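Thanks for coming. I have one structure to go through today, and I will keep to what can be read from the coordinates.

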Amino acid sequence: MATDWINYELPLNERVRAFMRLEHLFDRFARHSRGEDPWDSRAAINALLEAMGILGRGDLRSEILKEMDKQRQTLSRLKNRQGIDDERLESILVSLEKLKQRLDDSPAQVDKALKENDFLSAIKQRNTIPGGTCGFDIPSLQNWLLSPVAKRHADLESWHAGLDAMERCIRLVLMLLRESDSPRNEVAEKGYFQSTLDSQGSYQLIRVQIPADAGLFPEISGGKHRFTIRFLTQPDTDVRPKQVDHDVNFRLLCCQL
C-alpha cells in the first residue's frame, strides 16, 4: 500500500518566501473564485487584495524574471547528460521561455489596473479595520455580493487576468525548485534533526515529508548554512506542542536550482 506523504517547507530566502506566499494566495483565490456563495466571492477578493499587498512591496516582477533566467541557464547545462529525459527537459525550457516572454511583455506594474480600481481600493482601505467591510461600511460591496453569480465570476476573472502571467511564472518556478532534489530517508533522533548545507550551493528551500498518519508535524528553522527540525505532537490545540521522545523517520529534500 502506497504511503501518502505530507509536505512541510521552509523557504531560505526572501525571494522564495514571497513566491510561496503569492502561491498560497493564488490557491485561495482559485478555490473561492469558483464558489457561488457571496462569502466565497468576499474571500476571493480578500486573497486578491493580499496578493496586491505583496506585489506592492518591491519589484517582484523583476525578481521572477531573474529567477527564470537562472533556472533556464541551469537546466540548459543538463542537456545530453546521461539519465536526463531530454524531451521533458526541452519541454520545460520552452515553457520557461514562453512564460518569461509573456511576463516580460506585460506592464511593468502588473497590478496597476487593480490599484486604480475604486471599488477594490475602497475594500482594501477598509480591510485594515477589523470587521471594516460590513454592509454599512461599504454598501457598494454589499450590492456586488448580492449580484448574480455569473457577474461576480466574470468580475473576479477580469481582476485576476492582469496577474495571470505572474501566477503562471511563480507556479513554474516553484515546481522546478521543488523537483530539483530527490527525497532521501533520514532519522530524527528523539524528534530532533540538525544538518549543514554546502556553502558552495545556492539552496533555496527545505522540504520535509512525513506520512499522513504520523500524528506529528515538523518545526523547521534555519538559514542558508544550517537548519534544524524538531518533530512535535499536539493532540489538543488547548495545549502547547511538545517535542516527541522517540526517533522519527522522514524524508528530506534540500532544493536548489
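This is a predicted model: local features need pLDDT of at least 70, side-chain atom pairs count only at pLDDT 80 or more; totals for chains, interfaces and linings use all residues.

Let me start with the open sheet, which has four strands in the order 1-4-8-2, paired in the antiparallel sense. Its edges are strand 1, residues 5-11, and strand 2, residues 184-188, and each of these pairs on one side only. On average, neighbouring strands in this sheet are turned by 35° against each other, ignoring direction.

Stepping back to the whole chain, the secondary structure comes to nine helices and eight strands. The chain has 257 residues, and 40% of them are buried. The C-alpha trace spans about 55 × 55 × 35 Å along its principal axes. The accessible surface comes to about 14,800 Å², with 47% of that belonging to carbon and sulfur atoms. On contact order, take the contacts between residues at least 6 apart in sequence: 73% of these join residues at least 24 apart.

Now the helices. How do helix 2 and helix 8 pack? The angle between them is about 10°, and their axes are 11 Å apart. Angles under 35 degrees count as roughly parallel, so helix 2 is roughly parallel to helix 8. On the helix 2 side, the residues in this contact are Pro38, Ser41, Ala44, Ile45 and Leu48; on the helix 8 side, they are Arg152, Leu156, Trp159 and His160. By class, that contact has six nonpolar residues, two polar and one charged.

Helix 2 covers residues 38-55, and Ala51 lies in it. Is Ala51 buried or exposed? Its relative accessible area is 1%, and the cut-off for buried is under 20%, so Ala51 is buried. What does Ala51 touch, leaving aside neighbours within four places in sequence? The contacts are Leu22 and Leu25. Leu22 is 29 residues from Ala51 along the chain, yet their C-alpha atoms are separated by 5.9 Å.

That is what I have. I am happy to go back to any of these on the screen.

Definitions and conventions:
Residues are numbered from 1 along each chain as its sequence is written. Side-chain values use heavy atoms; hydrogens and water are left out. Helices (H or I, at least four residues) and strands (E, at least two) are DSSP runs, numbered from the N terminus. Buried means under 20% relative accessible area, exposed over 50%, partly exposed in between (1.4 Å probe, protein chains only). Contact means heavy atoms within 4.5 Å. Axes are lines fitted to C-alpha atoms, for helices over the stretch in contact, and angles run from 0 to 180 degrees between N-to-C directions. Angles under 35 degrees count as roughly parallel, over 145 as roughly antiparallel, 65 to 115 as roughly perpendicular and the rest as oblique. Ala, Val, Leu, Ile, Met, Phe, Trp, Tyr, Cys and Pro count as nonpolar, Asp, Glu, Lys and Arg as charged, and the others, Gly among them, as polar. Accessible areas come from the Shrake-Rupley method with a 1.4 Å probe; for residues, only the protein chains shown count as cover. Two strands pair if DSSP finds at least two bridges between them.
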